[in-house]
Amino acid sequence: MDYKNIVEQLNMLPHPEGGYYKEEYRSKDIISNLPNFSGDRNYCTSIYFLLTSANFSGFHRIKQDEIWHFYSGSPLAVHVIDLDGNYTKHIIGMNIENNQFPQLTVPANCWFASSVENEDSYSFVGCTVAPGFDFDDFELAKREDLIKEYPQHEELITKLTRT
């Protein structure tokens, strides 16, 4: 299926970090009085996310763990800088024999970005967040600040940030 058909059929919208998304689930129940959060949060949320090889998902972080699920298309590289400054490139996809995995968890507060592995392709994935996602918990990296914090990753940060 052409990625444009997926975007259209699922009524996906442009995502601030790059690609397209559609919130698929938001639990009805609410958690109150969470430490380090600006207010109440739903128990859980999930989205569809589609990225093309002509684009990238820029470095960002959220306050929750984020679980990625592979659906179709090209394998997706998820680039993670952990809390100790270590970089790991994870590949989510279905070629398990070649160190790809259909699911990945990015720990809370880690910087991460993503890019499609194959040229002229797309990756269609899902992301689940608990407690539920709120844009108050989302921080898009500023290139200069992230390079200052992690100068050893300057080339990667420059490639996967917009400002």
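Let me start with Asp-137, which touches Phe-37, Arg-41, Arg-61, Ile-62, Lys-63, Gln-64 and Gly-132, leaving out residues up to four places away in sequence. Contact here means heavy atoms within 4.5 Å.

Before going on, the basis. This is a predicted model, in which local features need pLDDT of at least 70 and side-chain atom pairs count only at pLDDT 80 or more, while totals for chains, interfaces and linings use all residues. Residues are numbered from 1 along each chain as its sequence is written, and side-chain values use heavy atoms, with hydrogens and water left out.

Back to Asp-137. It sits in the loop between β12 and β13. Strands here are DSSP runs of E, at least two residues long, and helices are runs of H or I, at least four residues, numbered from the N terminus. Asp-137 counts as buried because its relative accessible area is 3%. The cut-offs are under 20% for buried, over 50% for exposed, and partly exposed in between, with a 1.4 Å probe and protein chains only. The side chain of Asp-137 also makes a polar contact with the side chain of Gln-64, at 2.9 Å. A polar contact is a pair of N or O atoms within 3.5 Å; within protein, one must be able to donate a hydrogen and the other to accept it, and residues adjacent in sequence count only if both atoms are side-chain atoms.

Next, the sheets. Strands of a sheet pair through backbone hydrogen bonds, either parallel or antiparallel. Two strands are called paired if DSSP finds at least two bridges between them.

At the β1 end, 2 bridges join β1 to β2 in the antiparallel sense, and Pro-14 stands opposite Tyr-20 in β2. The hairpin of these two strands has 5 residues between them, and there Gly-18 takes a positive phi near 115°. His-15 is in the loop between β1 and β2. Is His-15 buried or exposed? It counts as buried, because its relative accessibility is 11%. Leaving aside neighbours within four places in sequence, His-15 contacts Tyr-20, Tyr-21, Phe-49 and Phe-138. Two of those names come back as a pair: Tyr-21 stands opposite Phe-49 in β5.

Strand β5, residues 45-52, is mostly covered, with 8 of its 8 residues buried. Thr-45, Ile-47, Phe-49 and Leu-51 point one way, Ser-46, Tyr-48, Leu-50 and Thr-52 the other, and all are buried. β5 pairs with β2, residues 20-26, over 6 antiparallel bridges, where Arg-26 has Thr-45 as its bridge partner.

Now the interior. A nonpolar core is a set of buried Ala, Val, Leu, Ile, Met, Phe, Trp, Tyr and Cys residues joined through side-chain atoms within 4.5 Å. The largest one has 17 residues, and those with the most contacts inside it are Phe-49, Trp-68, Leu-76, Val-78, Ile-92, Val-106 and Val-125. The elements giving two or more residues to this core are β5, β7 (65-73), β8, β10 (103-106), β11 and β12. Apart from it lies another core, of 12 residues, among them Phe-59, Ile-81, Ile-147 and Leu-160.

Last, the cysteines. A search of the whole structure finds 0 disulfides, a disulfide being a pair of cysteine sulfur atoms within 2.5 Å. For Cys-44, the nearest cysteine sulfur is that of Cys-127, 12 Å away.
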